[in-house]
Amino acid sequence: MSEMTLRRAHVSDHGTIVECVREWWGDSRTPDQARELSMLLPRLFLQFFAGTSLVLEDGDGIKAFLVGFHAADNDHEAYIHFVGVAPELRGQGVGRRLYTAFFQRAAEAGRREVHAITSPLNTGSVAFHRAMGFMLEEGDRQVNGLPVHGDYDGPGQHRVCFRRQIAVHP
């Protein structure tokens, strides 16, 4: 694996990130499902949250990304919206590197808590968030033994909600 550079995202990364989502999830979804998933990342996320979003790249281009932001309604929370890692790099600490960098930057900005969500069917994501120290928030129902918030993203779109405390850096 060549050396990867971590940097903040730029609006100009949007098209590449959308293509990465369609390609990287293409092995586990139909083309229509992968395109639908990429629609969770409209350009506005990088127009307004590029400064809190991250990209890992090497000489061949983007290999991983994290789209996240700091809450506008309070000064203590941050949220990780979407993370992608090239399939050949999964399980090698790339996601951990992105999350750790996001935690550090959020803490430096005075944030004390980071939130994230995932589908209760995404067992890999649930395991990853737990391994990263996230706690599962209490939900209003159970799916596959997990507490979920029913209809969180619309009818039938139940989500596992996570919360993790982070140490604020002066």
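Modeller: Let's start with the largest pocket, which holds about 1400 Å³ of space. The model is predicted, so local features need pLDDT of at least 70 and side-chain atom pairs count only at pLDDT 80 or more, while totals for chains, interfaces and linings use all residues. Residues are numbered from 1 along each chain as its sequence is written, and side-chain values use heavy atoms, with hydrogens and water left out.

Biologist: How do I read a pocket?

Modeller: Rolling a probe the size of a water molecule over the atoms shows where empty space is left. On a 1 Å grid over the protein atoms alone, a pocket is an open set of points with protein on both sides within 12 Å along at least five of seven lines, a cavity is a set where a 1.4 Å probe fits but cannot get out, and lining residues have an atom within 4 Å of a point. Volume is the space filled by probe spheres set on the points, which are joined across faces, edges and corners.

Biologist: Which residues lie nearest the centre of the largest pocket?

Modeller: Those are W25, R29, T118, N122 and S125, out of 39 lining residues. Strand β4 gives the most to that lining, seven residues. Helices (H or I, at least four residues) and strands (E, at least two) are DSSP runs, numbered from the N terminus.

Biologist: And what about the largest cavity?

Modeller: The largest cavity has about 40 Å³ of space.

Biologist: How do I read strand pairing?

Modeller: Two strands pair if DSSP finds at least two bridges between them. Here, β1 (residues 5-8) runs antiparallel to β2, joined by four bridges, and R8 has L54 as its bridge partner in β2. On to β3: five bridges pair β2 with β3, again in the antiparallel sense, with V55 opposite F65. A hairpin of two residues links β2 to β3.

Biologist: Why is β2 largely enclosed by the rest of the structure?

Modeller: Because four of the five residues of β2 (residues 54-58) are buried, where buried means under 20% relative accessible area, exposed over 50% and partly exposed in between (1.4 Å probe, protein chains only).

Biologist: Is A64 buried or exposed?

Modeller: A64 sits in β3 (residues 61-70) and counts as buried, because its relative accessibility is 0%. Leaving aside residues up to four places away in sequence, A64 touches W24, L54, V55, L56, G84, V85, V94 and L98; contact means heavy atoms within 4.5 Å.
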